[in-house]
Amino acid sequence: MLLGAVTLFFTLTLVFVIIRMVPSDPATVLMMGEATPEQLDRLRELWGLDKSIVEQFFIYLANLVQGNAGDSYQFQRVAGMPGVPVFDLVMNRLPATGYLALVAIIFSMLIALPLGILAALFPDSILDKLVLILASVLASVPAFFSGMLLMLFFSLTLRILPTGGYDSPQSVILPALALSFSFSAVLLRVTRTEMARIMRSEFIQSARAKGLRSWRIVLVHALKNAMIPLLTIIGLRFGDLLAGSVVVETLFRWPGIGGLMIDSIIARDYPVVQLVIPLAALAFIIVNITVDVLFGALDPRLRTGGRS
Amino acid sequence: MTEQATMPPSATASLLSRVRRTWSRRGMPRVITGATVLIVMSILCFFSAWLTPHPPNAVDLSARLQPPVFAGGTFNHILGTDELGRDILSRVMVGGRTSMAIGALAVVVSLTIGSTLGLLAGYFGRRLDAVVTMLSEIQLALPSMLIIFFFLAVIGPNIVTIAIVLALADWVLYARMVRARTLVEKTREYVDAARVLGVSTSRLLLRHLWPNVFPTIMVLAMVSLGGVILSESALSFLGLGVQRPWPSWGRMVADGQSRLQAAWWIAVSPAFCIAMVVFSANLLGDGLPPDLEGRVMSHIKQTISATAQSVPLLDIRGLRTEFRSDHGTVRVLNDVSLSVSSGEVLGLVGESGSGKSVTALSLLGLVPRPGRVTQGQVLLNGRDLMTMDERALSDLRGREVGLVLQDAMTAMNPVLTIGQQICETLRRHLGLGRAQARRRAIDLLDRVGIPDPGRRVDDYPHQFSGGMRQRAMIAMALSCEPKLLIADEPTTALDVTIQAQVLDLLSSLKEEMGMSLIMITHDLGIIAGLADRVAVMYAGNIVETGPVRQVFKAPAHPYTQGLLASIPSITDTTKSDLQAITGLPPDLAALPQGCAFAPRCPQRQRRCETDRPHLIHHDAQSAAACWLVDPPSDRAANSTSQTTEPMRNR
Amino acid sequence: MNTAATTRPKPRDQDAGNGHDLLEVNDLKKHFPIQSGFFSSREVGRVRAVDGISFSIKAGKTLALVGESGCGKSTVGRLLVKLLEPTEGSIVLNGVDLAQASPEQMQAMRRQMQMVFQDPYSSLNPRMKVGQNISEALTVHRLASGKAAIARVEELMRLVGLDPKLANRLPQELSGGQRQRVGIARALAVEPDFIICDEAISALDVSVQAQVINLLVKLQRDLDLAYLFIAHDLAVVRHIADDVAVMYLGRIVELANSAELFAKPLHPYTRGLIAALPVPDPDLARTRKDAVIRGELPSPLSPPSGCHFHPRCPYATPICADYVPRAEVATQGRQVACHHWLDIQKADADTERTTG
């Protein structure tokens, strides 16, 4: 928790400072060279960019604490007037990304768990080798390319799924699949390695010596132990999923915060960037705290207060 | 740039030559394939200035959108052309230069920074360790790729900034792995030995720790090389990568996106290159042994730590178990015949690798892969277990035969409570309900001497002390009151005073339940105190078997004689030399043609080196596999009556 | 002090029986603090791994330190070679107090004292050849280099019964017994007077154990080495040691000449240990089933009050829970730390008289 707070503050500060280190400023970028110096100055004053960086930082923090992340520079209802509140903008887009990430994780588990377990049960078999090759291929193909292939096949050739957008329930399938591939490669590998390791352990040997049914040995004795490393890896790799979503959202025109982030960075839309990235960090931190809590539930050795 | 980019493969090659001897050949094809592809692609890309068939930016509108040669194009443009008629092969080669240079540079930078910090933090600990750990925790708590996107968009991408930013994201992985590895290596005794010799700290770090830590990060380096190249291509795809005019692979895929249907080859060629490089790097990483000694040793140990059996309750005939590996077949059990009567305690003795644990696992059908029972019969109450299918066998395991292993900490599932692990056996075999099973489990725990069993039944194994855990393990094995209990070194991990308690428990439970017991151990003292009969194993064979008193007082086989003479006795007051058996325990993969013990045998004769002796009864109760042992007629008359009777009605 | 550290006395010239004390350990303590807290390191308790022990070893003699896991015997070994810094007490080797020695003095003292470790699979650097593992000591102390070093390594390998051809092998190509011989050769390279054997044979197979024990005994005879033999196997100790110190939770409970200790153990714990030992003789084994010690080993984190052994002791009385027994001299060279040893001895004598 403490580490999470430190990290979050660190991110806020880092983003705030770095984005201001670049020579090009938002006013110039936004007006695309078509404004007089006076107009530019007025914009900077409107956005508070004329103040010192320390002052700006405290104003930013103070506003953030009150739930006000400022107004967007690039998205304006009326030209020259204060822009759309960033908070609304981001909250509008956040559910789409969350939804995409969730579906992608579910897809990854559906791909990785059964295959990984099967491979582990028959180590060094043909099946095992095929699964390992599949994992390597999934890990090697960039998400944007697998996305393009999916699009080519399912949308352009078979015409059964939309090429992008957020209109129908089916539209999540292709982006989530594209996003899930590299993630499932990681899960597949971990599932297979961990299950194989656990199946070789002595407690599995003694479970077999007790005459337990094999489904119980695999699903209760082994899988429960394998869930621990699996969860760890899901937590650690969740950041990759967020990063991947930037690419996938761009490719599939998915209205999430990934696309918004790239646009805003390029447009030097400070308030948006200053909210989106810390928010992503927050999401990452929350996922990992959840994982830690689940650990306690899964692994009794991590619970405190042992009696022995 | 060129040297750095080709470094990973060549470092790998030198590593390979060093470890080849200790390492299974299994990883070799992967390493060769991965390294070859990486080297060839590096050469093609880095020397692209001289190798490209066409200038990469030469526009030729007369040759627009030509397909690759294998899709009906010409050899002039092997991979086809794009919408401006530019040669795709040439562009891919030039584009690869950027991607691969960034990959190599980023790996070198992050590896250097990360492993140096990790080594120092792991070795010195304290404040430096706290700082490095804190930094890495913060960085790991960030979605680093997102931050990288942001960084690069702001700073302005070029080869060096991209490489450095990507390196900054990866140093943590090296630092953590090297730190963890160093912490482990630091506790190994060779480090203590070096310190006791007075080796200086810098020499300790460079000569002792680093060479042992380094191989593990080679795997990581390969995997992260792939990761860096993927990240770079994603950046390029988003327009945040290296700017034109140099095409990079990611950028080329993005450019080809709009013509995916009409001219798929524009996007596919560079995408295929990305996938190839990443795939080969991962392949190379996979093929490298992650932990050289660890892997080899654990394999050997596993092979060795598997054994046991016995009776007319149990009758084992000619059991043979083999382990097949790339290196050939190892016969772990050669020809094991044993029997255990009802209520009898059979002691199975032998040194490591003699096959005693494998005997136990073989008879239960639990030999770990790649081991296999290749011949023999195991008759339990007259039924042959070897002909049973897995389902019938599993009905029998835990029900009629119980197994207690050496280390209850690893033999019990750490995430299930003691109670759950006892109950599942009861429910499986006796069909008890949840509440019934629980009551029975508490009874059992009480019976093996666990205080406050009603409360402790819900404890997890790690909450028990070593001795208590072993008692719980015994309770579990006995839960269905099996007719036969196999105890494989059940007290070896325990302290002497606790060992005595557990042995007492085992022998009183045996009396109470009237079961048979196979006691597998290397400790002759335990056998002397507990067993009715003994079987001595050597190199996968039973070399001698007989009533305990006879075997101890008048061992027939030279190995048994040597074993008994070589252990110091607490009652022995002389300080003369022990009668050690000379030579080394046998290598199962290279057994001599004749008697396996012949090379160490002081009474060896010519025949021993050519013919393998079989287990032959020299009286009604005893048998030995040795050419020197007299045939039955000579000895049977005077020895059987005295030696076996007292054993039966003890 | 400095001369004592560099010019080495030749204990061989002295009468072995009345040899001087090569090593004298006095009131040695090692406490490990248990810290808690994230930012501060507040000490919330301490594990008294070694809690004030004293003993001495004469040149050419063997003292065995025995006890069960957690009793602190291995910590003592590590303190002597300064792998751990003592909390208190003195370790005087050949007149130099190692606890106070400067790093330079300590470096010189390392030539007089070496260690053989337990695990033959981890005590050799797996990336150095066998020869390099042995010759490193020569390099570090500048004893030999080049051809002389190679010759010396060969000599050492022969001394411990290894074929010098094995020098070019990697440790993992050797068997456990061979590796342990390499470990011994490495320790001998600096020509020490004193070697600590920390469970040096317990990882070996029975038949190989005997070979290594014989080697250790032979080397002691030939080179006049003193050993501190840390072990849990009493039968081996009985065979190899001149004196035996029995430890329980950080303290020495009994120290005696080996023959006397095994013939007539005075401390209840020693008696229990000896009784618990499996004896490889079917007749004896079945008659000695009486004195199994009850209970579990207490946690070193919170040892019982007074005499640490009292909760498991058949002779315990209330005084045992309240007062720590002092080490009393029973006979010449024999110490026992028990409130009731005299009563126990008397009771023994009575039984002997009545039965005998």
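**Cavities and the interface of chains A and B**

In the predicted model, 13 cavities of 30 Å³ or more were counted. The second largest cavity holds about 90 Å³ of space. Its lining is made up of B:D82, B:E83, B:R86, B:I88, B:R91, B:M252, B:D255 and B:I266. Two elements of chain B, α4 (88-124) and α10 (249-256), each give two or more residues to this lining. By class, the lining of the second largest cavity comprises 5 charged and 3 nonpolar residues, with no polar ones.

Between the two chains, 71 residues of chain A were found in contact with 73 residues of chain B. The area buried between chain A and chain B is about 6,500 Å², of which 68% lies on carbon and sulfur atoms.

Polar interactions across the interface of chain A and chain B were also counted. There are 3 salt bridges between these chains. A salt bridge joins the side chains of A:R216 and B:E424, with an N to O distance of 2.8 Å. Polar contacts link 15 residue pairs across the interface of chain A and chain B, both residues being at pLDDT 80 or more. On the side of chain A that touches chain B, two or more residues come from each of α1 (2-21), α6 (126-140), α7 (143-157), α9 (202-209), α10 (214-252), α11 (257-266) and α12 (270-298) of chain A. Among these elements, α10(A) gives the largest share, 14 residues. The residues on this side of chain A are divided into 42 nonpolar, 14 polar and 15 charged.

Definitions and conventions: Residues are numbered from 1 along each chain as its sequence is written. Chains are lettered from A and ligands numbered from 1 in the order in which they are written. This is a predicted model: local features need pLDDT of at least 70, side-chain atom pairs count only at pLDDT 80 or more; totals for chains, interfaces and linings use all residues. Side-chain values use heavy atoms; hydrogens and water are left out. On a 1 Å grid over the protein atoms alone, a cavity is a set of points where a 1.4 Å probe fits but cannot get out, and a pocket is an open set with protein on both sides within 12 Å along at least five of seven lines; lining residues have an atom within 4 Å of a point. Grid points are joined across faces, edges and corners, and a volume is the space filled by probe spheres set on the points. Helices (H or I, at least four residues) and strands (E, at least two) are DSSP runs, numbered from the N terminus. Ala, Val, Leu, Ile, Met, Phe, Trp, Tyr, Cys and Pro count as nonpolar, Asp, Glu, Lys and Arg as charged, and the others, Gly among them, as polar. Contact means heavy atoms within 4.5 Å. Buried area is the accessible area (1.4 Å probe) that two parts lose on being put together, summed over both. A salt bridge is a side-chain nitrogen of Lys or Arg within 4 Å of a carboxyl oxygen of Asp or Glu. A polar contact is a pair of N or O atoms within 3.5 Å; within protein, one must be able to donate a hydrogen and the other to accept it, and residues adjacent in sequence count only if both atoms are side-chain atoms.
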